[in-house]
2 protein chains.
Amino acid sequence: MAKLDFSPIADTTRRAEIVALLRRAILTGQLEPGQKLNELRISEQMRVSRAPLREAMRELVQEGILTSIAYAGTFVIDVTAKDIIDAYSLNKVLDEFAIELAWPQRDARFFDELDRRHEAVKQATRAKNTTRQIETALQLHGLIYEWADNSVLLETWQRLTSRLQMYFALHQRARNEPVPAEDVHETYVALLKDSDMRAAQCHAREHIDLDFEELLAYARGLEKRASKN
Amino acid sequence: MAKLDFSPIADTTRRAEIVALLRRAILTGQLEPGQKLNELRISEQMRVSRAPLREAMRELVQEGILTSIAYAGTFVIDVTAKDIIDAYSLNKVLDEFAIELAWPQRDARFFDELDRRHEAVKQATRAKNTTRQIETALQLHGLIYEWADNSVLLETWQRLTSRLQMYFALHQRARNEPVPAEDVHETYVALLKDSDMRAAQCHAREHIDLDFEELLAYARGLEKRASKN
DNA sequence: TCTTGTTAGATTGTCGACAATCTGCTTGTC
DNA sequence: GACAAGCAGATTGTCGACAATCTAACAAGA
């Protein structure tokens, strides 16, 4: 028997496609925080009935990027400065743990994939495609989680990533400036290739690139605007 | 204005009740791992239509205790030794982080609640109600997460707890022995009341009570049985 | 005997319609 | 004018029926 491993077939249900569409719309900021999702309107736009749409929305509620109130509606989650801080502080802890687990698992395939994803970020940066830049940067970071060989940890990180992607997208949208041209992931990639695990963990803990400081400033801005209302 | 804080009203939709029912059935082991959930049968038993049932199942899939394959069905997740180990190792990391965050927040209300929940565990133990014992023990542990004031962390822990509760329930069912009579949480509670945070974290990291060792032995048993098939 | 095509039954996915609930406006009363 | 009651209109929650898909049993052919 030939040793050829096929990837699983796409589960082509309307529901799955709706989930993907909605998630993308939320994570890129096309659907803004707090915005209400009108079931009838969306189902008509997508040319599907409300049943699969509602099931899709239920999934995204559990995924943490939608929130639902009975008989009132389903809304994109609100983003507060505290949410961003909370997500980031947890992310740091998880990163440290993931590095610890992934460290002995690093192999040739790991380094290849590391370079590949790093390259993807650089390409998106050159193309000034901010959405793609955020996406690829998070995929780069996700590598240590994929190599950590802990399914619960990976799942947890993927949930967290949804939010982080949303936060960054909002941040980018808000300041609508050209994206930083230089590459901020060099150190991270280099440390993961090196032999000093502690150093890699410290880098993750203290200076997760993806300029967190700016994101926080944006978050604080949100707070102020909210307190005025 | 009187300073009286009301608890939120129950969101009485069939969906929410179905979620609660199913979750309970899964977490107590009434629905066994790998078992398929027949929509028509369940909807008839519960006297509801398939729509809210399906939405409920979609939520539980995202919650991680059900898994779904398109056009094939929805199943209770399988439990492997690795799953248990993964969940536990992550739990340790999160516990340490939660203690760190909750530590400065401890106040009179915290200690009261700590004693209250500890008492609930002891009561369930005396009553030899194993299901309730597991439930209360996890609630006791959840206190530090509730006091950590980090919504993402709390959410993450609640997801993890679902699984842990299921694992313990299965474990208890498998060995169907009377439950340990003596109280294993004394040290944990005492350390949380003390002033040495590091000690509390070490206790959490090294010896989370809820006899992990036994659970692991059970998990390994599962592995062996699985490999025979 | 093994493989491949066919078919019937069961189960999941989707649809359109109806019921329950909320919201905002109007109306009437003081 | 202020306030409560009641009435549309819109929106969410639920239902029963139909369509798409899978599974397993069976038949046909090599």
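This is a predicted model: local features need pLDDT of at least 70, side-chain atom pairs count only at pLDDT 80 or more; totals for chains, interfaces and linings use all residues.
**Exercise 1. The contact between the chains**

Task: Describe the contact between chain B and chain A by its residues, buried area and polar pairs.

Solution: 
1. Start with the residues. Chain B contributes 32 residues to the contact and chain A contributes 31 residues.
2. Turn to area. The size of an interface is often given as the accessible area lost when the parts come together. Between chain B and chain A about 2,800 Å² is buried, and carbon and sulfur atoms give 55% of that area.
3. Count the charged pairs. There are 10 salt bridges between chain B and chain A. One of them joins Arg159(B) to Glu155(A), with the closest N and O atoms 2.8 Å apart; the cut-off for a salt bridge is 4 Å.
4. Count the polar contacts. Between chain B and chain A, 16 residue pairs are in polar contact, with both residues at pLDDT 80 or more.

**Exercise 2. The side of chain B that touches chain A**

Task: Which elements give two or more residues to the side of chain B that touches chain A, and how do the residues of that side divide by class?

Solution: 
1. List the elements. Helix 3 (50-63), helix 4 (81-102) and helix 7 (151-175) of chain B each give two or more residues to the side that touches chain A.
2. Find the main contributor. Helix 4 of chain B supplies the largest share of this side, 9 residues.
3. Sort by class. The side of chain B that touches chain A has 14 charged, 10 nonpolar and 8 polar residues.

**Exercise 3. The relation between the copies**

Task: What rotation and shift superpose chain B on chain A, and through which surface do the copies meet?

Solution: 
1. Two copies of a chain are related by a rotation about an axis and a shift along it.
2. Chain B is superposed on chain A by a rotation of 180° with 0.0 Å of shift along the axis, at an RMSD of 0.0 Å. This is the relation of a two-fold axis.
3. Compare the interface residues. Of the interface residues of chain B, 97% are also interface residues in chain A, so the copies meet through the same surface.

**Exercise 4. DNA strand C**

Task: Identify the protein surface near DNA strand C and the atoms that approach the strand.

Solution: 
1. Count the residues. DNA strand C is surrounded by 19 residues, the closest being Arg14(A), Ser49(A), Asn38(B), Arg50(B) and Arg54(B).
2. Ask which part of the strand is involved. Of the atoms of DNA strand C within 4 Å of the protein, 74% belong to sugar and phosphate.
3. Assign elements. Helix 1 (14-27) and helix 3 (50-63) of chain A, with strand 1 (36-37) and helix 3 of chain B, each supply at least two residues of the surface near DNA strand C.
4. Examine the phosphate contacts. A phosphate oxygen of DNA strand C lies 2.6 Å from a backbone N or O atom of Ser49(A).
5. A polar backbone atom of Tyr71(B) is 3.4 Å from a sugar or linking oxygen of DNA strand C.

**Exercise 5. DNA strand D**

Solution: 
1. Name the residues. Asn38(A), Arg50(A), Arg54(A), Arg14(B) and Ser49(B) come nearest among the 19 residues around DNA strand D.
2. A backbone N or O atom of Ser49(B) is 2.7 Å from a phosphate oxygen of DNA strand D.
3. Sort by class. The surface near DNA strand D has 8 charged, 7 nonpolar and 4 polar residues.

Notes. Residues are numbered from 1 along each chain as its sequence is written. Chains are lettered from A and ligands numbered from 1 in the order in which they are written. Side-chain values use heavy atoms; hydrogens and water are left out. Contact means heavy atoms within 4.5 Å. Buried area is the accessible area (1.4 Å probe) that two parts lose on being put together, summed over both. A salt bridge is a side-chain nitrogen of Lys or Arg within 4 Å of a carboxyl oxygen of Asp or Glu. A polar contact is a pair of N or O atoms within 3.5 Å; within protein, one must be able to donate a hydrogen and the other to accept it, and residues adjacent in sequence count only if both atoms are side-chain atoms. Helices (H or I, at least four residues) and strands (E, at least two) are DSSP runs, numbered from the N terminus. Ala, Val, Leu, Ile, Met, Phe, Trp, Tyr, Cys and Pro count as nonpolar, Asp, Glu, Lys and Arg as charged, and the others, Gly among them, as polar. A residue is near a molecule or strand if one of its heavy atoms lies within 4 Å of it. Copies are superposed by least squares on the C-alpha atoms of residues with pLDDT of at least 70 in both.
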